[in-house]
Amino acid sequence: MTIQLKEELKTLDQKHFLHPTTSIEQQQIQGPAAIFTEGKGIYLKDLEGQSYIDGMSSLWNVNVGHGREEIAEVAKEQMATLAFSSCFASFSNEPAIRLATKIASLTPGDLNTVFFTSGGSESNDTAIKLARHYWLLKGQPERQKIISRTQSYHGVAMGATNATGIQAFRNFTNSPAPDFHYVYNQSVRDLREMIEALGPETVAAFISEPIQGAGGVNIPPEDYFKEVRNLCDEYGILFIADEVITGFGRTGKWFGMEHYGVVPDMMSFAKGVSSGYAQLGGVVISEKIHETYCQLSKGTLMHGYTYSGHALACQVGLKNIDILERELLIENAASMGEAMLAGFKALQEKYSFIGSVRTIGLLGAIELVKNRETGELFETAISPIFVQETMKRGLILRTVTYEQDTVVFAPPLILSKAELNEMLRILDETFEFVRKTIIAKE
């Protein structure tokens, strides 16, 4: 019966389901890579009963792990009471008010006012629009330009896509938006030169992830964001932190920017705010920006999503944050991240084709290289084969191959030492397989 059901679902999937960020050719030839039916803790189970460690928290987001019944219970209760009501025209609901207040208590500095969205792409689109609107209210309409970093990822809505520094995402369509510019990944000098070349009076905002996720888990130098913050202040440019991946404990702190002692003007969030149990995101703005809106905005704020302030999603977000706090999962992410790094380093010593390894909290990366000394890559990327092999052994991971050959990691924040050891065992077994079957033939 399972085989028959699998074949039925495979056929229906191929015919009717256009998958996000997927090789259509691969889907049409092979069908879905797995059809999941259950999640519990750090594990996913497919239609055939095979269990996998969800080494990516699905999409960097299931921070509290799968199968949390207490979240399901509050969702059921909220849905039965008030699933949704519009927040347009100043209508409100208690879960949205409570969650906005809770997030304001967690965010650093004067980031105290929340605009809700349904996810990360909408959050970054919103931040870009709010930044440009701010300058319109301030009487500086020429401030339209947005600067981001190469290898950055900010989403797939139009504004977020154009802010994304990974060119493959921008090449998906043939009509790029104007006024988006990209600066070399971690060079403050290049950022200054770009601002000067564009004209500071034309730049609305600089947007950056604290740690780049989809770009390869790139951790900046210690003082990078302090220098960026000073530069933005010098030129009067707004600083937007994209905390969609790094927020809500992923890096061992509530928000990634806390590692660098920097308070941005805006902070976008999504993913970990609800651990994927409901579609939820948002932007937190500073008191300075909020006061400007309150003082100078005389009409309607002409921006909003149907599900901004969604009552059910916000109630789920509140329970998710409660779990993060009650179970000390931010602290666990910090300590288990150190253990994960130690495990990566042990593998690095064992296998000469492992290049750089890095973690910050439970966000990590292992680079694969032909020559560790020079950083030379293999002619054909190894990481896609590697993650296929880890999946055969029960571990789901992801690759980044934009000018690199990297395996990235983001397991749920509930990860235990025993579960980490199982991850490392699978990695070791897979690296040995790669060494014998691929590296030895190079």
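Me: Arg 435, buried or exposed or something in between?
Reply: This is a predicted model. In it, Arg 435 is partly exposed, with a relative accessible area of 35%.

Me: What does the side chain of Arg 435 meet in a salt bridge?
Reply: Glu 432. The N to O distance is 2.4 Å.

Me: Where do Arg 435 and Glu 432 lie?
Reply: Both are in helix H15, residues 417–437. They sit 3 residues apart, about one turn of the helix.

Me: Why would side chains like that pair up in general?
Reply: Side chains of opposite charge can pair when their charged atoms come close.

Me: How many salt bridges in the whole structure?
Reply: The search finds 23.

Me: Which residue does Arg 393 bridge to?
Reply: Glu 389. The closest N and O atoms are 2.8 Å apart.

Me: How accessible are Glu 70 and Arg 68?
Reply: Glu 70 is partly exposed at 24% relative accessibility. Arg 68 is buried, with a relative accessible area of 15%.

Me: Which residues are in the salt-bridge network with them?
Reply: Arg 68 and Glu 70 are linked with Lys 319, Asp 322, Arg 326 and Glu 327.

Me: Switching to domains. How is the chain divided?
Reply: Into two parts. Domain 1 covers 34–67 + 328–441. Domain 2 covers 69–327.

Me: What separates their centres?
Reply: 28 Å, taken over C-alpha atoms.

Me: How many residues are in contact across the interface?
Reply: 35 residues of domain 1 are in contact with 36 residues of domain 2.

Me: What area is buried there?
Reply: About 2600 Å². Carbon and sulfur atoms give 61% of that.

Me: How many salt bridges and polar contacts cross the interface?
Reply: The rule finds 0 salt bridges between domain 1 and domain 2. It does find 20 residue pairs in polar contact.

Me: Which elements of domain 1 give two or more residues to that side?
Reply: Helices H3 (57–60) and H13 (329–350), plus strands E11 (354–359), E12 (364–368), E14 (398–400) and E15 (406–409). H13 gives the most, with 4 residues.

Me: What is the make-up by class?
Reply: On the side of domain 1 that touches domain 2, there are 21 nonpolar, 11 polar and 3 charged residues.

Me: One more. Where is Gln 404 found?
Reply: In the loop between E14 and E15. Gln 404 is buried, with a relative accessible area of 10%.

Me: What does its side chain reach?
Reply: The side chain of Gln 404 reaches the backbone oxygen of Gly 215 at 2.8 Å. A polar contact of 2.8 Å also joins the side chains of Gln 404 and Thr 406.

Me: Which residues is Gln 404 in contact with, leaving aside neighbours within four places in sequence?
Reply: Gln 151, Gly 215, Gly 216, Arg 358 and Leu 377.

Technical notes. Residues are numbered from 1 along each chain as its sequence is written. This is a predicted model: local features need pLDDT of at least 70, side-chain atom pairs count only at pLDDT 80 or more; totals for chains, interfaces and linings use all residues. Side-chain values use heavy atoms; hydrogens and water are left out. Domain bounds come from an automatic or database domain assignment. Contact means heavy atoms within 4.5 Å. Buried area is the accessible area (1.4 Å probe) that two parts lose on being put together, summed over both. A salt bridge is a side-chain nitrogen of Lys or Arg within 4 Å of a carboxyl oxygen of Asp or Glu. A polar contact is a pair of N or O atoms within 3.5 Å; within protein, one must be able to donate a hydrogen and the other to accept it, and residues adjacent in sequence count only if both atoms are side-chain atoms. Ala, Val, Leu, Ile, Met, Phe, Trp, Tyr, Cys and Pro count as nonpolar, Asp, Glu, Lys and Arg as charged, and the others, Gly among them, as polar. Buried means under 20% relative accessible area, exposed over 50%, partly exposed in between (1.4 Å probe, protein chains only).
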